[in-house]
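Please keep the sequence and the coordinates open beside them.

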Amino acid sequence: MTIVASAPQRIDLVIDFDKPFTAHNPTSFILESVDGGTHVRWLMTGEHRGVAALIFRFMSMDKLIGPDFERGLERLEAAAIA
């Protein structure tokens with residue numbers, strides 16, 4: 001994971017995966033001030049090629065990685081409150 005840019009409203013990074021498939025995924029945390037705190041959106045993009053493209057055509061990325069995103073955002077919230 002490499003941070004490639006940051007500003008008060010956004011942090012951009014790249015996450016490179018080796019397993020289960022090689023992938024290069026641009027990722028962003030978008031920060032928006034709201035009453036009582038900050039709303040964080042976590043976005044990840046990327047392309048699937050080869051076998052991964054075939055597998056992910058039939059799998060929901062939301063179901064596959066969504067729980068990890070939610071857990072990460074919960075941990076971010078806990079760390080921000082502490």
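1. Val 51, Ile 55, Met 59, Met 61 and Leu 64 make a nonpolar surface patch of about 400 Å². For such patches, residues must have over 30% relative accessible area and no salt bridge, and nonpolar side chains (Val, Leu, Ile, Met, Phe, Trp, Tyr) are joined within 5 Å, while like charges are joined within 9 Å. A salt bridge here is a side-chain nitrogen of Lys or Arg within 4 Å of a carboxyl oxygen of Asp or Glu, and the accessible areas come from the Shrake-Rupley method with a 1.4 Å probe, with only the protein chains shown counting as cover for residues.

2. Helix H1 (50-57) and helix H2 are the elements that give two or more residues to this nonpolar patch. Helices (H or I, at least four residues) and strands (E, at least two) are DSSP runs, numbered from the N terminus. Val 51 lies in helix H1 and is exposed, with a relative accessible area of 57%; the classes are buried under 20%, exposed over 50% and partly exposed in between, with a 1.4 Å probe and protein chains only.

3. Before reading further, note that this is a predicted model, in which local features need pLDDT of at least 70 and side-chain atom pairs count only at pLDDT 80 or more, whereas totals for chains, interfaces and linings use all residues. Residues are numbered from 1 along each chain as its sequence is written, and side-chain values use heavy atoms, with hydrogens and water left out.

4. The structure holds two aromatic pairs, a term for rings of Phe, Tyr and Trp (its six-membered ring) whose centres lie within 6.5 Å, with planes under 30 degrees apart counted as stacked, over 60 as edge-to-face and the rest as tilted. Phe 29 and Trp 42 form a tilted pair, 5.2 Å centre to centre with 40 degrees between the planes. This pair links distant parts of the chain, 13 residues apart, with Phe 29 in strand S3 (residues 23-34) and Trp 42 in strand S4 (residues 37-44). Phe 29 is buried at 18% relative accessible area, whereas Trp 42 is partly exposed at 23%.

5. Trp 42 also forms a tilted aromatic pair with Phe 69, at 4.4 Å centre to centre and 45 degrees between the planes. Here strand S4, which holds Trp 42, is linked to helix H2 (residues 61-81), which holds Phe 69, across 27 residues. Phe 69 counts as buried, at 13% relative accessibility, and ring pairs link Phe 29, Trp 42 and Phe 69 into a cluster.

6. Gly 72, in helix H2, counts as partly exposed at 24% relative accessibility. Gly 72 and Trp 42 are 30 residues apart in sequence, and their C-alpha atoms are 9.3 Å apart in space.

7. Is Thr 27, at 2% relative accessibility, buried or exposed? Thr 27, which has its place in strand S3, counts as buried, and its side chain reaches the backbone oxygen of Asn 25 at 3.1 Å. Leaving out residues up to four places away in sequence, Thr 27 touches residues including Ile 11, Leu 13, Trp 42 and Met 44, where contact means heavy atoms within 4.5 Å.

Technical notes:
A polar contact is a pair of N or O atoms within 3.5 Å; within protein, one must be able to donate a hydrogen and the other to accept it, and residues adjacent in sequence count only if both atoms are side-chain atoms.
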